[in-house]
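Hi,

Here is the structure I promised to pass on. Have a look at it first, and my notes follow below.

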Amino acid sequence: MTTIALAPAAPTSGTCCAPLVREAADPAAAADLARSFKALGDPTRVRLLSIVAAHDGGEACVCDLTEPVGLSQPTVSHHLKILVDAGLLAREQRGKWAYYSVVPGSLDRLGALLSEAAR
């Protein structure tokens with residue numbers, strides 16, 4: 001039989017934790033950020049976002065994105081939809097082709113959050 005040693009109980013008087021020094025994310029903002037981070041949890045989606053951002057004019061046609069990631073057009077479109085739903089990319093239909101661009105400020109917002117967390 002395994003015996004588990006318990007740590008002594010924490011003191012009940014006084015403050016055990018430091019107070020917050022800035023506002024924490026509210027539940028809606030946390031859910032929004034989690035959706036963005038979840039979308040970026042796949043290496044293919046990180047590459048697609050990077051490729052779109054690196055294109056001339058900051059936008060790319062879905063036809064330009066299949067070869068660099070080595071996936072079929074339907075699979076690339078699926079990944080792009082997740083990035084659009086997460087608010088990282090915008091989609092514009094032009095004839096039969098869809099063009100994608102980085103949503104202004106979306107990457108700055110994620111970067112700022114990560115910078116704040118590192119302080």
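A quick word on terms before the notes: helices here are DSSP runs of H or I with at least four residues, strands are runs of E with at least two, and both are numbered from the N terminus. Keep in mind that this is a predicted model.

On that basis the chain has five helices and three strands. Their order along the sequence is α-α-β-α-α-β-β-α.

Some whole-chain numbers next. The chain has 119 residues, and 21% of them are buried. Its accessible surface is about 8400 Å², with 60% of that coming from carbon and sulfur atoms. If you take the contacts with a separation of 6 or more, 52% are between residues 24 or more positions apart.

Let's start with α4, which covers residues 73-85. This helix has 13 residues and runs 18 Å from first C-alpha to last, close to the 18 Å expected at 1.5 Å a residue. Which of its residues are buried? They are Val76, His79, Leu80 and Leu83. Viewed down the axis of α4, these buried residues stay within an arc of 100°, so they line one face of the helix. After α4 comes Gly87, which has a positive phi, near 80°.

Buried in α2 are Arg45, Leu48, Leu49, Ile51 and Val52. Down the axis of α2 they fall within an arc of 165°, so these residues also line one face of their helix. Pro43 and Ala54, on the other side of α2, are exposed.

Last, the aromatic rings. How many aromatic pairs are there? The count is zero, taking ring centres within 6.5 Å as the cut-off for Phe, Tyr and Trp. There is a charge over a ring, though: the charged end of Arg94 sits over the ring of Tyr99, 4.2 Å from the ring centre.

Cheers

Note on methods. Residues numbered from 1 in each chain as written. Predicted model: local features only at pLDDT ≥ 70, side-chain atom pairs only at ≥ 80, totals over all residues. Heavy atoms only, no water. Buried < 20%, exposed > 50% of the residue type's maximum accessible area, 1.4 Å probe, protein only. Contact = heavy atoms within 4.5 Å. Areas by Shrake-Rupley, 256 points an atom, 1.4 Å probe, with all protein chains shown as cover. Phe/Tyr/Trp six-rings, centres within 6.5 Å; stacked < 30°, edge-to-face > 60°. Lys NZ or Arg CZ within 6 Å of the ring centre and 35° of its normal. Expected span 1.5 Å × (residues − 1). Arc of directions from axis to C-beta.
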